Amino acid sequence: MTSEPHHQADLEQARAWLTTLHGGAPGLINICATGRWAGEYFTTDEPGINAAVAYIGRLDQQGRQGIYTRVTTLRTAPAPGSRGHASDSLALPGMWADIDIAGPGHKTSEPLPPDVDSARRILDAAGLPEPTMWIHSGGGLYPWHLLDQPHLITAEDLDDIATLATRWQHVIAAGAERLGYHYGTGVGDLARVLRIPGTINRKEGLSRPCTILEASGITYQLDELATLLYSIDLPDPTPAAKEPPPARVPRSSFTPGTVGPFDALAEIAEWRDLLEPAGLAYVGSERDGAQLWRRDGASSAYSVRAWPHVCVNHSENLDLPVGAGHKLTHGKVFAWWNHHGNDSAAAKDLLAAAAGNPDATPAARALRPAILDHIRQRCGVRPWQPTPPADDVPWPDEPTTGPRTSTRAQAAADVRRAMAAADEHDILRGVYPDRSHVDGQVWTAPRDEDEQPLVLPPFPVHTLPGDVGKFAEAVAIYMQVPVDLPAFAILGALAALVGGHATITGKWRENALNLFLTAIADSGEGKSPAVSAITGPIYHLERLLREDWKAQYGDMAESHDIAVKTRDRLITKIADSHGGQRDNLLAELDSIKQQIAETTPPPRPQLLAGDVTPEVLGKIMHRTGGHIAIISAEGGFLGTLTGRYSKGQPNLELVLTAFDSSEPYRLERITREPFEVDRPSLSLFLAVQPVVIADAVNSPAVSDRGLLNRFLIARPDSLAGRRDKNPPNVPQHLEEAWRATVFRVFRAILPSGCPVDDEGNPLEPVPMQISEPAEELHLAWRQQMEVRVDPDAGDLAPIKGWAKKLEGLAYRLAALLHLAAGRPPQEPVDAAVMLDALTIADWAVPHALAVLGATNRGDDAPRLGPLDEAAEHVLKWIRRKGLEEFTVDEARAGLRGRSWVKQHGANGVRAALVALARQGWIASVERRGADGRRLGEGSFIPHPEILGRVV
C-alpha cells in the first residue's frame, strides 16, 4: 500500500536539523515522542546522530503523534524515566520561540494569528532581528536565532541563561499582545522540546509535516542577543494580578533538631512574610513562576524577583545585595534587614522568637505564629522561661543531694553551651546582658563532658546533591537516627565506589578519593539498620559484578586453581627428587607455570571487606587492584588497628599508607608470603561506640602516628527518649534514586566494572580537575584555616594536624559530590560543588574539636582540653587573683610580662579569652558606660570552679 504524502518522516531532513542544532556540541541529544516523553539520549557526533535518526524512524513507524528534541543538550543522561531538568542543560545552541497559528490542535479561547504571515509579524512587533531559520511545526512557527558557537552553560551562569530565555519569551509575548494575539507560556524552559523538521505532526488525527520554511544563514553572539533583549522595554506587570500562592504547609513528619533556623524558615515562610512588612507589594508572576515584588515609589516594573527558595534584588534602595549574582534565601533577607547581614545573629534571633523570648527583635517576634511554631518544632527549641532573680537561685556551697534535672532539660539554660554556640564577635561584646543572667543559669564544667555533652551541629544534608540528600534525610527519619549517620555512610559509600580509581587536581593533587570517616554512637542508637540502608545497593552491585565475572571467567578460575595446586604438589616432589626424575619434574613445573599464567582470571569483584586484620586487608587489596572499602556499624576494625585487641600494640602501617596512595605497600616477612600493592587505597566508614574512639585518642602510639588526623568525625546528639515510634517509610523513589547513584558513580570511573587491564595490571586512575572558580573558593577557605591553626591565637591550634589534612579532604569531598550529582569526571568540579564540600568541612571542625581536643592535663589546673599556653596563663592568673570579673584591658595589664602578650598585645588576650569561653571556663556579659550606652567590649566572669567553688 502506497503511503499518502507527508505520512512518513523525512529522515534526511531530520538528520540535517540535528546536525545544525546540536552537531558536535558537548553533551547529549534527547529525542522523545508523545507517549515516550523520557525518550532516549544520543551523542552529538556522527554515529550518535545516525543512531538518533534511526530512533526517529522507529518512532515514526509507530505513528507517534509528535517527535521532539530538546532545545539544549544535557550534561549526562538523567535517571531512567526522567527527561531531565533545566539544571541538566549543557550546550545552548540559540534562542527559540513557539508561535501557535489558529487551526486544528489549538483550542485556546485566546486569539491566535490566522496564518503564517501574521505569525511572522510578531517578531517584528517584538523588536527582534531576523531569525536564522523559520520552521513550520505543522501547527505554528519556530523562529530560531542560532548562535555562531553553542554557549556552554555552567553552574555559575545557569540562572542568568534561564532568565535570558524566559525574557526572550516575554518580549515575544509583548509583541504578540501589541498585535492582539495570544502567546503560550512555559516556552522559555531550558528543558523545552520542539518538533523535529522532517517529522510528522499527527495531532488531531491529521498528518502535517514539520519542515524548514526559510534559512537566512545569519548567526548571532549571545552577548549581542542579550544586549538587544534588555534594551527592549517590557510592559509593567498588571497590579491586579493574582494573590501570591497560599502559605506552604510543612511536612507533618520530621526529626526535631535536625535543621537550622534558616532551613526551617525556608520550609514554611512565603515571600510575603518578609517583603510585605518591608513595604513591597506583589505585582504579578512571570511565566517561569517567579513572583514580582515592587518597592513603594519604585519607577521600575519590579524591585525583586522571587522563586520558591531564593530571590534576586534589583533595587538599590532596599538594603540588600543587588544583582543576579546574589541569590538570597528567606534567612538571608531576614539577616540583611534586621542584623546587617550577620547570619549568626539572625539565626539566634529566630530561635529566640520561636522560644518566646521577649529579647528577640520585633521583626522576629512579628512573624506569623505558624512560622515560629514550625521553627520551634523543627529546630527542637525549648520554650523560654524567665530567669528568676539571682538571690532566689544561689550557687550551692556543696553538691545538690536531691534528684537532678535531666541534662536535656538543662541544655537550653547551660552557660557552657551558650558560650560554645556563640560567635567570636558576641563573646567579646558580651553574650549575657549582665551578671545576674549568668548567676541564674546552670553552668556545667567542661570536665563533665561525658555527662553533659555539647550540642554539635547536625550534618548539612543539603550539601548532598538532589535526591541523595533527601534519601539521607528520609533514612534518618525512618530509622530515627541523627542525619549524620546516613549522611556519613553515603559519603563512605561514594568513597568506596571510587577510592583509588580516581585523582583530583587543583593547586595540588590528591592521589585518591577515598575517605576515613567515623560516627560515634552508643549501642542501641540504630546504627546497623541505618548503615544497611546505604550499603544495600553496593552489595547488589557487587553481586551483579560477580555474576558477570563467574559467567565469563568461572571455568578459567577453576583451571587456574587446579594448576596452582598441581604446581604446589610438584614443588614438594622436586624437593625430594634427584637426577633425571628431578629434571623431568622441573620441565613439568615450567609447563604448569605457563598454564597458570594463561589461566589467571581478572580479580573476582569485591567492593567491601568485613572486619579483617590489616594483614588480610593487604591481601585483599593485592587481589582487587589496590582499592577496598570497609563500611560497618561496628568499631571492630578501628579497635583492631589501635591495639584494643592486641594488648595495646597498634598495627597502622598499611592503613596510613592506604590513606593517600602515596607509595607502594610491601609485605616481606619470613612467616608470610611476600606481596606488593602499587597504589593501596582504603575507604572507611565505621560507626563506633565512644569507648573505641576514647582508646584511640588516649593511645600515644596512635596519636603519634596521626591516624585520627585522617578521619572526618561525627559525634551526633542522641535521639533516645525523643524517637518517633511510627515514622514514615523511606519513599521508594528515593531508594531507587540512591541505587541509581551508586551504579552511575561506579560506572563513571570504571565503565568496564574491572579495576585491571587485560594484562592484570591496575588501571591508571581517572584524573579529575578543580575549576579555577572552585580553586579560588578553596584558597580563600585555606587562608582562613591557616589563621585558625596559629599556635598563639588560633582556635584550631590543638588539632592543627587534623586541620591540615582537612584541606585535601575538601578536594576529595568536592570530587565525590560532583560525581554523585551525575556529572562526568572529565568535567571540572565547579564552585557550587566546592562550596558544598567546604560547608561539610566547616561542619566537621567542631566535631573534631569535641573529640580530638579532649585530654587530661594532669596538673593543678582544671581539665581544660588542649588550650594553648596563653589560655592556661589566663586561667592561672584568674585563680591567683581570685577575680570575680575582669576585662580584656585588665587581663592584658595583669599578664603584660608574658611573651605572647608582648608579641600579640590585646588581640592575643582576646584570642585566649575566646578559646576559654568556647570551652566553657568563662562567660561574657555586656558592659555599659556611665551614660548607659553599651560599650564595644564586655567583661568576663570565671566559672566558679576555677575559684575553688563547688557547683
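Residues are numbered from 1 along each chain as its sequence is written, and side-chain values use heavy atoms, without hydrogens or water. Because the model is predicted, local features need pLDDT of at least 70 and side-chain atom pairs count only at pLDDT 80 or more, while totals for chains, interfaces and linings use all residues.

Let's start with the helices. Helix α6 covers residues 261-268 and helix α8 residues 330-339; their axes come within 8 Å and cross at roughly 115 degrees. (Axes are lines fitted to C-alpha atoms, for helices over the stretch in contact, and angles run from 0 to 180 degrees between N-to-C directions.) That makes α6 and α8 roughly perpendicular to each other, a label used for 65 to 115 degrees. Phe262, Leu265 and Ala266 of α6 make the contact with His330, Gly331, Lys332 and Ala335 of α8, where contact means heavy atoms within 4.5 Å.

Next comes the sheet. Its 4 strands form an open sheet with parallel pairing, in the order β19-β22-β18-β23; two strands pair if DSSP finds at least two bridges between them. At the edges sit β19 (627-632) and β23 (711-714), each pairing on one side only. From one strand to the next, the twist averages 10 degrees. Strand β18 (residues 516-520) pairs with β23 in the parallel sense over 4 bridges, and Thr518 has Ile713 in β23 as its bridge partner.

As for the cysteines, the whole structure holds 0 disulfides, meaning pairs of cysteine sulfur atoms within 2.5 Å. Cys32 is buried, with a relative accessible area of 0%; buried means under 20% (1.4 Å probe, protein chains only). Cys754 is buried too, at 17%.

Technical notes: Helices (H or I, at least four residues) and strands (E, at least two) are DSSP runs, numbered from the N terminus. Angles under 35 degrees count as roughly parallel, over 145 as roughly antiparallel, 65 to 115 as roughly perpendicular and the rest as oblique. Buried means under 20% relative accessible area, exposed over 50%, partly exposed in between (1.4 Å probe, protein chains only).
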